[in-house]
Amino acid sequence: MQSSIYLSNATRLILIAAVIAVIVAAIHLTARSEKLQRRRAALPIACLCLLCAGFALLFGLSHGSPDPQEAEGFAPFAPDELSAAAELMGEAISGEYFSPGDAGGRVELNHFDIVFKDGAFDRLALSASFTSLNPDADGSFPWWQRAMAVNRDGEIYRFERAGGGGRLDGLPAETALDALRGLEGLGWCDTLGVAPSAVSSVTLSSGRSAAASLAGWPAWVLTGGGLVPLEDYSGAQELFYLAVTAGSAAAPSSYYILLDI
């Protein structure tokens, strides 16, 4: 993924105009140089170098991220209010399409990390795969991946698209977001035995893992509309899961919620 220049659109336009003005002025001054005029090849070479430098600067400025989007109706939320996190992610991913309804069935979440500080939302990072609305000439639907971030003020930042190569394993967005809403309704913090104020992060795994690999850890399975202790579960053996970190930074504790939904 290419690095981005984080500038507002207004700042970017001002800088582009400034670069053009500086290059034009530099070429004008160079062309008037008597020393260079006496050298037949030096003047065009100097002007060409200035033009190349200008094009390089303009190219760099054109490859940045757009202004952040303000999440509609955003308000900080607590770890036990995961439906608010679902709404925030839903707004972020639907912004890839002309209409929010176009995102339905076309988005997979590859990973997300919701970070809390002192019992309140602090930031969010997510990576998702998107499918185009329209097929190519061969009938296949193009896809792309994009990473996004949301800060504590509800500002949504979108990084540059990435494509090509193999598509990452992903959980359908509707499934993932419904899981977060369902966990809130189940009072998941009480089930795990952690205080909401102690939760520091909720993270979606990057791909499926064998349920057996979490044996011995504090782990539950979200299935059938409830949270079942892992030792009592005998369903699908490879699932996405949510990793929950709670406790102090010096002595964090980990909990796991597998998603069979």
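A nonpolar core is a set of buried Ala, Val, Leu, Ile, Met, Phe, Trp, Tyr and Cys residues joined through side-chain atoms within 4.5 Å. All views show a predicted model.

**View 1. The largest nonpolar core comprises 49 residues.** Leu109, Phe112, Leu124, Leu126, Trp188, Leu242 and Ile257 touch the most other members of this core. Helix H4 (residues 82–94) gives the most to the core, with seven residues. The contacts of Phe112, not counting residues up to four places away in sequence, include Met89, Leu124, Leu126, Leu180, Val202 and Leu242. A second, separate core has 11 residues, among them Ala219, Leu230, Tyr241 and Leu258.

**View 2. Phe77 and Phe116 form an edge-to-face aromatic pair.** The ring centres lie 6.1 Å apart, with 80 degrees between the planes. Phe77 belongs to the loop between strand E1 (69–70) and H4, whereas Phe116 is in strand E2 (residues 107–117), 39 residues apart. Phe77 counts as buried because its relative accessibility is 4%, and Phe116 is likewise buried, at 5%.

**View 3. Trp217 and Tyr256 form an edge-to-face aromatic pair.** Trp217 lies in the loop between strand E8 (209–210) and strand E9 (219–223) and Tyr256 in strand E13 (residues 252–259), so the pair ties together parts 39 residues apart in sequence. Trp217 is partly exposed at 47% relative accessibility, whereas Tyr256 is buried at 13%.

**View 4. Ser201 is located in strand E7 (residues 199–204).** With a relative accessibility of 12%, Ser201 counts as buried. Residues touching Ser201 include Asp113, Phe116, Ala243 and Thr245.

Notes
Residues numbered from 1 in each chain as written. Predicted model: local features only at pLDDT ≥ 70, side-chain atom pairs only at ≥ 80, totals over all residues. Heavy atoms only, no water. Helix = DSSP H or I, 4+ residues; strand = E, 2+ residues; numbered from the N terminus. Buried < 20%, exposed > 50% of the residue type's maximum accessible area, 1.4 Å probe, protein only. Contact = heavy atoms within 4.5 Å. Phe/Tyr/Trp six-rings, centres within 6.5 Å; stacked < 30°, edge-to-face > 60°.
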